[in-house]
Amino acid sequence: MGLKKSNKHITQSVALKQILKRCSSFGKNENGLPHDVPKGHFVVYVGENRSRFIIPISWLTHPEFQSLLQRAEEEFGFNHDMGLTIPCDEEDFCSLMSIFR
């Protein structure tokens, strides 16, 4: 039983690394850094209007955010060129952001 959980965790970890690599590759300047995304952060898109949010990588450890990532994988998958889309109402996501800060 522990092996299944461990394998799932490894799979999610690999997927997250791929997402972060893709999300951080958009709009880089000559130094290879994104123009408006500080080091240690990444971009997600939320809601029907795909509002763009820059969030810290440290949020990946929060169970609430991990739940959103699971929903994102189920609904959209992780193999698309645009940044990570979170299936969540924008207002709910903003409330969640205030908890993490």
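The axes of α2 and α3 come within 10 Å and cross at roughly 145 degrees, where axes are lines fitted to C-alpha atoms, for helices over the stretch in contact, and angles run from 0 to 180 degrees between N-to-C directions. The contact (heavy atoms within 4.5 Å) is made by E64, F65 and L68 of α2 together with F93, L96 and F100 of α3. These contact residues divide into five nonpolar, no polar and one charged, with Ala, Val, Leu, Ile, Met, Phe, Trp, Tyr, Cys and Pro counted as nonpolar, Asp, Glu, Lys and Arg as charged, and the others, Gly among them, as polar.

This is a predicted model, in which local features need pLDDT of at least 70 and side-chain atom pairs count only at pLDDT 80 or more, while totals for chains, interfaces and linings use all residues. Residues are numbered from 1 along each chain as its sequence is written, and side-chain values use heavy atoms, with hydrogens and water left out.

Helices (H or I, at least four residues) and strands (E, at least two) are DSSP runs, numbered from the N terminus. In helix α3, residues 90-100, the buried residues (under 20% relative accessible area; exposed is over 50%, partly exposed in between, with a 1.4 Å probe and protein chains only) are F93, L96, M97 and F100. They lie on the same side of α3 because they cover an arc of only 105 degrees around the axis, the arc being that of the directions from the helix axis to the C-beta atoms. This buried set packs against β1 (41-46), β2 (51-56) and α2 (63-76), whereas the face of α3 turned away from it carries the exposed residues E91 and I99.

## A loop residue and its partner

R50 is found in the loop between β1 and β2, and its phi is near 50 degrees, a positive value in a residue other than glycine. A polar contact (N or O atoms within 3.5 Å, one able to donate a hydrogen and the other to accept it; residues adjacent in sequence count only if both atoms are side-chain atoms) of 2.4 Å joins the side chains of R50 and T85.

| Residue | Relative accessible area |
|---|---|
| R50, partly exposed | 32% |
| T85, buried | 8% |
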